[in-house]
Amino acid sequence: MSNGAERRRASRVTCILPLQIYSDGGPKIIETLTKDLSASGLRCLSPTSKPLASRVSLEITLGKGARPFSLQARVVWFEAVPNSHQFYLGLAFDHLSEVNTRRLSRYIEKLSAPQPA
């Protein structure tokens, strides 16, 4: 299933952050990294594909020294990584709390800000 870039609701920033994915109904935890992030979702690597609309729980850490926090998400797309046995997963956040929305927005704004020379 290909990436639906035209359906994105929020701009994304490229970032590599530690991420744990907990599948609903399964004990297996996937430890991986994000590839990009927005206030409405993220793209990450996974050793397995997930069915569309699968619900997952995420634990993400926004930068060095930050405490991880939990989010709920669903799989909205996936695609095989060329020349690899891995997949990219597109995850859309579900029911973000106001606190988590602010945390994500602040982090994304920080990454998007022009860096001094």
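Is strand β7 mostly covered or mostly uncovered, and how many of its residues are buried? I looked up residues 87–94 and found β7 mostly covered, with 7 of its 8 residues buried. Buried here means under 20% relative accessible area, exposed means over 50%, and partly exposed is in between (1.4 Å probe, protein chains only).

A note on what I'm looking at: this is a predicted model, where local features need pLDDT of at least 70, side-chain atom pairs count only at pLDDT 80 or more, and totals for chains, interfaces and linings use all residues. Residues are numbered from 1 along each chain as its sequence is written, and side-chain values use heavy atoms, leaving out hydrogens and water.

Next I checked who pairs with β7. Strand β4 (residues 41–46) pairs with β7 in the antiparallel sense over 6 bridges, and in that pairing I found C44 opposite L89. Strand β6 (residues 69–80) is also antiparallel to β7, over 8 bridges; here A80 has F87 as its bridge partner. Two strands pair if DSSP finds at least two bridges between them.

Then I followed the hairpin of β6 and β7. It has 6 residues between the strands, and N83 takes a positive phi near 55° there.

Stepping back, I counted 1 helix and 7 strands in the chain. Helices (H or I, at least four residues) and strands (E, at least two) are DSSP runs, numbered from the N terminus. Along the sequence I read β-β-β-β-β-β-β-α. Last entry: of the chain's 117 residues, 39% are buried.
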